[in-house]
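The points are grouped by topic after the structure.

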Amino acid sequence: MRETNNRRKRKRRAGSLLAATVCILAAALVCLPLLMIPGGAFMSDMELRRLLAPILAGQEGYAGWRLLPFYPTLDCFYNVLVASPDFYRLFWNSVGMTAAILAGQLLFGLPSAWAFAAFRFRGREALFALYVMLMLLPFQVMLLPQYLMLRSLHLYGNPGAVILPAVFSTFPVFVMYRGFTQIDGEILEAARLEGAGEWQIFRRIGLPLGETGIRAALVLSFLECWNLVEQPMAFLEEQRDWPLSLYLPQLGLARAGDAFAVSVIVLIPAVCIFALGQDALEAGIAYMGVKE
Amino acid sequence: MARMAGHRQEGRDREMENRNGKKKWVVRLGVFMLAMLIMTFVSRIIYVDNMPRVHWSYPKAASIRKEFSAEGTVEAADARSIAGLEGLLVDRVEVAVGQQIEEGTLLYEVDVEDLEEQLGILKEEERIWQEQVRAEKSRAAAETKRAREDYDDTLAELDRNIAEQNALLEDLKEDLELHLFRIPEEDAADEVWIAWADERTRLDREIEAKERDIEEAAYQKEETLKQAGRDIEDAQSGQQAAEGLYSAGYSAVGQIQERQRKIEVWEALAEADGRVYAAQAGTVIEVMLRSGMRMEEDAVIRYADAQSSLVYRTVVTQEQKALVHTGDSVRIRFPGSSQETTETVDSIVQEGGDYVVTVRLEPGAAQGQTEGVMSVSVTSQAYDFVIPRKALHSEGGICYIYVLEEKTGILGTELTARRQTVGLEEQNEDMAAISDSTLQSDMMIVTDSDKELENGIAVMEW
């Protein structure tokens, strides 16, 4: 009996070990591109060209890589941060677009989410179902209607063409709504009985208690806006209006080192925002999984 | 109760820690954004600082005016030179440039003692040379005589030899005829016949050999006489050379003649106590000697008749020559005076790689002048596109310009310099006429830049 138990334990341990190995390998594979970025950013142009010769110069063999550069240098950072004013143009474009979108979502999305969560009105379910449906539609499906609408509004080619559709995105409304639904309905009823107005209830109860959902929505929206690629490519004509996410393709293979440096810099705000809203993000994702 | 309070405290601590952690990230994000803001300005400043600043202008329709100036000298068309006294010591110069002189005016004096000493040296050299010539002549005459005698002796010897050979040949022929009459009888023995035939063969061979000897002797005579004749000619040439001064060597002939001429001139000068006078009235136009100097080849005094015409001479390069032709009008300005005259080019003569332009001046046009500056001005046909010369660049024989264009990129709309190849029609020092089918009159052409330009580079207006 004891021998059988021991055998089971050994089997379980071997299974765990195998699962851990597979998971670690998979994680390493996923993390590998991320680990390549800092190495490439500190590599000299000569070292990069030598390692990537099969790609850059069409030489025979396979491209190689080093996690730690053999000849570390700050040349790529100098090229990007000092010698490329165009980088800053796109950086501030991204900052501006993201700030405008997040502000717009707070202005329009927050009241919408509160309305869905706090009020019962005719057609609420149908309207919410429409929101969910819009949220599920991929961008490619919405591309043509959005294009036609933006043309008719004379917004095509203008940064507003990217900002406006994102402001009215339904996904943050959904996340914030889920956050507001965590507030106990009795608290709201009690406040109403005490004579509090709807604005007071929203400001004094809704916002503090739904803060987690709001922050989760903002973090997710930030990450989405910071990395926008398809919308600017589709709706912006002038390079000067592009966000930073379109700068990397612009650099090309000839400036691979600079592209790695840009990647590092682009990651910094995203990491900061993620660190600021990590708890809210986890809670927000949990809310989304809760059945109504 | 206490446990609840502990839990509450723990929760508050965690919340505080969480807030502090977030604050740190907010500060980090703020610092990053501030750094990016500062670097935006820094990067922009560096970008603008490195950007070439340019001047530009539109091309205009105009002609190209080509001008050049050349310094030259004013000379008398028929000036007299007093020269040929090289080697003498100048005692005193009595005239200056521009001075009017009369016939017989004292021009300069040479040191008489030095003159006599130099003359004595020259005469001694001449005497020695004359003796050498006489000795050479007698030696050459003796050689000629000896060559003639050798020729006569050789001729007599050869004739005698040939005569002897002919006599021997005649004897052999007679022997052969006699032998032919002594033919044996038909029934004679074979030995007799054989002996007779052998004798005949011997005689035939000897006759042939003798005839060859005679031919050979005649040939030798001819050759020997030729050589003897050449010897006579050589001897006669030597004699003639000695008589014609050539014995001193071909290159020395000029020196001998020069020495003899000098002796002649210096003797005349010594008779005049070393004084040199003007042969006619006129104006001194050049004095190339001074007191105390020993005269060299270029030590001359030149003076011209006051009524003779003057010529202006200058040297121009091959490029400048393309702008001036015989019969063209040119302006000549004389330094130090407001005098300027327009004259006609008389001739253009190539000298080495350059050209000498001669302009005959009207009488009185440049009286008292020795130098002048000739100005030539030529205006080309009208061209549609004329730009400042400094706007035109050249590389490997291909001419190009930089045209300003507005280009919209990541940084917005910027001025960029586009390189455009053009054809060069004509140019002077300041302007250039260009041509190309794509040129337009409203093109902004870069005329000047504080940094080197390259195709597509962003630039700023100055």
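Helix axes here are lines fitted to C-alpha atoms over the stretch in contact, and angles run from 0 to 180 degrees between N-to-C directions. The model is predicted. On that basis, helix α9 (residues 171–180) of chain A packs against helix α12 (residues 211–226) of chain A at an angle of about 160 degrees, and their axes are 7 Å apart.

**Confidence**

- The predictor assigns the complex an ipTM of 0.85 and a pTM of 0.60.
- Chain B has an average pLDDT of 84, and 92% of its residues score at least 70.
- Among the elements of chain B, the highest mean pLDDT (95) belongs to strand β1 (residues 53–57) of chain B, and the lowest (70) to strand β3 (residues 80–82) of chain B.

**Contact between chains A and B**

- Chain A contributes 19 residues to the contact and chain B contributes 19 residues.
- On the side of chain A that touches chain B, the elements giving two or more residues are α5 (85–118) and α15 (256–289) of chain A.
- The most comes from α5(A), with 7 residues.
- Sorted by class, this side of chain A holds 13 nonpolar, 2 polar and 4 charged residues.

**Packing of α9(A) with α12(A)**

- Angles over 145 degrees count as roughly antiparallel, and α9(A) and α12(A) are therefore roughly antiparallel to each other.
- The crossing of α9(A) past α12(A) is right-handed.
- From α9(A), the contact uses Pro172(A), Val175(A), Met176(A), Arg178(A), Gly179(A) and Phe180(A).
- From α12(A), the contact uses Thr212(A), Gly213(A), Ile214(A), Ala216(A), Ala217(A), Leu220(A) and Ser221(A).
- The residues of this contact between α9(A) and α12(A) comprise 8 nonpolar, 4 polar and 1 charged.

**Packing of α5(A) with α9(A)**

- The axes of α5(A) and α9(A) cross at roughly 45 degrees and come within 8 Å.
- At that angle, α5(A) and α9(A) are therefore oblique to each other.
- α5(A) passes α9(A) in a crossing that is right-handed.
- Residues of α5(A) in the contact are Gln105(A), Gly109(A), Leu110(A), Ser112(A), Ala113(A), Trp114(A), Phe116(A), Ala117(A) and Ala118(A).
- The contact of α5(A) with α9(A) has 11 nonpolar and 3 polar residues, and no charged residues.

Technical notes:
Residues are numbered from 1 along each chain as its sequence is written. Chains are lettered from A and ligands numbered from 1 in the order in which they are written. This is a predicted model: local features need pLDDT of at least 70, side-chain atom pairs count only at pLDDT 80 or more; totals for chains, interfaces and linings use all residues. Two residues are in contact if their C-beta atoms, placed from the backbone, lie within 7 Å. Helices (H or I, at least four residues) and strands (E, at least two) are DSSP runs, numbered from the N terminus. Ala, Val, Leu, Ile, Met, Phe, Trp, Tyr, Cys and Pro count as nonpolar, Asp, Glu, Lys and Arg as charged, and the others, Gly among them, as polar. pLDDT is the predictor's confidence in each residue, from 0 to 100. Angles under 35 degrees count as roughly parallel, over 145 as roughly antiparallel, 65 to 115 as roughly perpendicular and the rest as oblique. A crossing is left-handed if the near helix is turned anticlockwise from the far one by less than a right angle, and right-handed if clockwise.
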